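Welcome to this short briefing. Please take a look at the sequence and the 3D structure below, and then we can walk through a few computed features together.

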Amino acid sequence: MKTQIKVAIGFIWCFIISMNVLAQDEKSGLILNLRHFTSNNSVQYLQVRGQLKANSKLQPLKDVLVQLYLDSIGKASLIGRIKTDEKGVAQTVVPPSIGDLWKSSVNHKFIAIAKANKDEETATEIEVAKSKFEIDTLNEDGTRSVTAKVFSYDNGEWVPAKDVEVKIGVERLSGNLKIGDDETYTTDSLGQVTGEFKLDSLPAIDEKGNVILIAKVEDNDQFGNLSIEKTVPWGEYYYHVNTFGHRSLSAARFKAPLWLLFMAYSIVAGVWAVIIYLILQIFKIRRLRKTESIRGERETVTVSNILAPEQL
């Protein structure tokens with residue numbers, strides 16, 4: 001009996017300890033997410049997302065001051081200080097002032113440090129390797145294709161990067177439109193992928209029929225986020241005819257087509273003509289009734305004057 005009581009007490013203590021651990025895990029805390037982007041092999045920028053973990057939910061954290069560093073924490077390696085917006089997001093361009101530090105190594109580490117309050121500090125970091133991204137096109141016998149190549153820097157030279165997921169699309173206002181059937185392509189031993197351009201009659205961005213091709217590498221463990229663009233004349237320009245002020249079905253009331261105005265006004269005129277005709281008939285009937293009534297009274301008076309009193 002004593003053994004069973006001890007076992008029960010042990011289970012109760014384990015349950016209490018586990019609940020305390022879960023409560024500590026669910027304690028509020030600042031979570032930082034750091035991402036690195038390289039555009040057209042030249043412009044680099046960092047994006048930070050600050051979120052607050054409260055009641056097992058992640059909520060965006062506004063006005064959090066984040067300090068960004070390259071490789072180590074110090075004044076010489078400081079990239080900048082940024083604040084998160086209402087969505088908990090902030091981003092900044094990597095300044096040219098740390099260009100020498102960037103060139104000094106093949107692999108680099110970006111560090112983000114922020115404080116949710118005076119006593120709690122949160123830090124996160126990502127490692128990014130030097131890379132080069134290329135895009136090229138081919139139009140042969142009516143078949144159009146797009147080729148993207150990814151390279152990494154090793155031992156003083158650019159070498160092909162294998163097994164990298166690449167997305168190829170056409171830039172649109174609402175997002176990128178994929179050029180073919182596949183969503184992503186994987187680089188081969190030469191570091192390249194090729195996709196066939198299957199979009200026909202694609203609206204162009206200018207009168208020359210140009211569209212913007214864009215290739216992307218998203219959240220790669222080695223290179224981060226890469227993107228490169230190329231403009232090609234593979235679209236069709238649709239001339240927009242401005243019909244403002246012209247007669248059309250979608251125009252204002254007085255700019256409607258003449259046949260529509262004639263039809264509408266004819267219907268209105270016909271309805272009012274019927275109404276006016278009915279009103280005139282009503283007045284005519286009333287006049288006729290009055291005339292008949294007066295005539296009847298006159299005939300009665302005449303008959304009464306002719307007949308003798310004894311005949312009445």
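What does the accessible surface of the protein come to, and what share of that surface belongs to carbon and sulfur atoms? The surface comes to about 21800 Å², and 55% of it belongs to carbon and sulfur atoms. Please keep in mind that this is a predicted model.

**Overall make-up**

- The protein has 312 residues, and 29% of them count as buried.
- Its secondary structure consists of three helices and 17 strands.
- Looking at contacts between residues at least 6 apart in sequence, 51% of these join residues at least 24 apart.

**Aromatic pairs**

- Five aromatic pairs turn up when the whole structure is searched.
- Tyr237 and Tyr239 have ring centres 5.0 Å apart and planes at 90°, so their pair is edge-to-face; the cut-off for that label is an angle over 60 degrees.
- Tyr237 has a relative accessibility of 32%, so this residue counts as partly exposed.
- Tyr239 counts as exposed because its relative accessibility is 63%, where the cut-off for exposed is over 50%.

**Charges over rings**

- Lys130 is placed over the face of Tyr153, and the distance to the ring centre is 5.6 Å.
- Lys132 has its charged end over the ring of Phe151, at 5.4 Å from the centre of that ring.

Technical notes
Residues are numbered from 1 along each chain as its sequence is written. This is a predicted model: local features need pLDDT of at least 70, side-chain atom pairs count only at pLDDT 80 or more; totals for chains, interfaces and linings use all residues. Side-chain values use heavy atoms; hydrogens and water are left out. Rings of Phe, Tyr and Trp (its six-membered ring) pair if their centres lie within 6.5 Å; planes under 30 degrees apart count as stacked, over 60 as edge-to-face and the rest as tilted. Buried means under 20% relative accessible area, exposed over 50%, partly exposed in between (1.4 Å probe, protein chains only). A charge sits over a ring if NZ of Lys or CZ of Arg is within 6 Å of the ring centre and within 35 degrees of the ring normal. Helices (H or I, at least four residues) and strands (E, at least two) are DSSP runs, numbered from the N terminus. Contact means heavy atoms within 4.5 Å. Accessible areas come from the Shrake-Rupley method with a 1.4 Å probe; for residues, only the protein chains shown count as cover.
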